[in-house]
Amino acid sequence: MATAAAAAESHGGALPRLVVFGEALTDFVRTGTDRWHSVAGGACWNVARVAATLGVATGWGGSVGEDLFGREILEKSRAAGLDLRFAQVVAEPPLVAMVHALSPPQYFFLGSADLAFDPARLPSGWERACAYAHFGCISLVRQPLGARLVAIAGALHASGVPVSFDPNCRNLMGADYPPLFERMAALADTIKISDEDLRQIYPALDADAALARVRRLAPRAALLYTRGADGMTAHLPEGRIEQPAFAVDVADTVGAGDACIGGFLASRLQRPDAGMEAHVRFAAATAAAACTRPGAHAPTRDEVETLLASVPL
């Protein structure tokens, strides 16, 4: 089957229906006193890989450096089937996350390749082809990148293109982050937010009050509130859906939230008439399938469908 990446190689073929904007990076994880392990990652890039692996024509809009880490990200993008017309290579140091402790996680960021992303270099006509665009994580608070992405989100929203948003909070989100979160939430058709995100953004509010505030910002949005092993609640204009987590043998939970929103967007784009309960269930199964392998695993459709079939409705 031809992939979106194959189309990108020839700069031909239809433009993708889903575009994910934001960072890709390399995690350097400390595994010993003087030992580190590197792995390609980044929340937004993970979302894009998940959707593409599930069969959605997807572009990842971001930039990487002219180095071995950038080449690895591009190689894995190609393997996932991402449309490489949206990826940019720049002469800047790679973005890396130095994860020097795991329990609790402690990290800091180095590099600037992500900041050079230039919207003017995107393929002509991509907005007309776009049926959904996703934004989130540290890309929105790293300037000048963040301002460029917020402007893209605003323009898409104004033109009627649905916007998806996952804050995916990191330590770069300080006390000044809530206004930016609220600005993005007000643009969004879909908001995925974890219990940890909610506590960081609204530390003075309990979960119900914080969710009510988000709902007032985006009264028509699908709001996916995730709680790890405790499942997910979809808050919708017509009511709410409680979705338990799928029980699996967990290798780790890295990238589970990214898989959740990637699966949700893929389901909505591929099965628009399936109904919201089916989309939420598919998202939960995608998140669970991602946990069965170490690292930010992008599950295949067969993996997700097998898990769905194993748990009767």
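## Asn168 and the basis of the report

At 11% relative accessibility, Asn168 counts as buried; the term buried means under 20% relative accessible area, exposed means over 50%, and partly exposed lies in between, with a 1.4 Å probe and protein chains only. Asn168 lies in the loop between β9 and α6, and its phi is positive, about 45°, although it is not a glycine.

The model is predicted: local features need pLDDT of at least 70, side-chain atom pairs count only at pLDDT 80 or more, and totals for chains, interfaces and linings use all residues. Residues are numbered from 1 along each chain as its sequence is written, and side-chain values use heavy atoms, with hydrogens and water left out. Helices (H or I, at least four residues) and strands (E, at least two) are DSSP runs, numbered from the N terminus.

## The loop between β8 and α5

Cys137 is found in the loop between β8 and α5. Its phi is near 55°, a positive value in a residue other than glycine. With a relative accessibility of 2%, Cys137 counts as buried.

Pro144 also has its place in the loop between β8 and α5. A cis peptide bond, with omega about 10°, joins Gln143 and Pro144. As background, most residues other than glycine have a negative phi, and most peptide bonds are trans.

## Helix α5

Helix α5 comprises the 14 residues 145-158, which at 1.5 Å a residue should span 20 Å; the end C-alpha atoms are 20 Å apart, which agrees. The expected span is 1.5 Å times one less than the number of residues in the helix.

The buried residues of α5 are Leu145, Gly146, Leu149, Val150, Ile152, Ala153 and Leu156. They cover an arc of only 155° around the axis, which puts them on the same side of α5; the arc is that of the directions from the helix axis to the C-beta atoms. In general, an α-helix has 3.6 residues a turn, so residues three or four places apart point the same way. The cover over the buried residues of α5 includes β1 (18-21), α4 (126-129), β8 (132-136), β9 (163-166) and α6 (177-187). After α5 comes Gly160, whose phi is positive, near 95°.

The buried residues are Tyr177, Pro178, Leu180, Phe181, Glu182, Met184, Ala185 and Leu187. Among the elements that cover them are β10 (190-194), α7 (195-201) and α8.

Helices α6 and α8 (residues 207-217) pack at an angle of about 55°, with their axes 8 Å apart. Axes are lines fitted to C-alpha atoms, for helices over the stretch in contact, and angles run from 0 to 180 degrees between N-to-C directions. The angle makes α6 oblique to α8; angles under 35 degrees count as roughly parallel, over 145 as roughly antiparallel, 65 to 115 as roughly perpendicular and the rest as oblique.

In this contact (heavy atoms within 4.5 Å), Phe181, Glu182, Ala185 and Ala186 of α6 meet Arg213, Val214 and Leu217 of α8. These residues divide into five nonpolar, no polar and two charged. Ala, Val, Leu, Ile, Met, Phe, Trp, Tyr, Cys and Pro count as nonpolar, Asp, Glu, Lys and Arg as charged, and the others, Gly among them, as polar.
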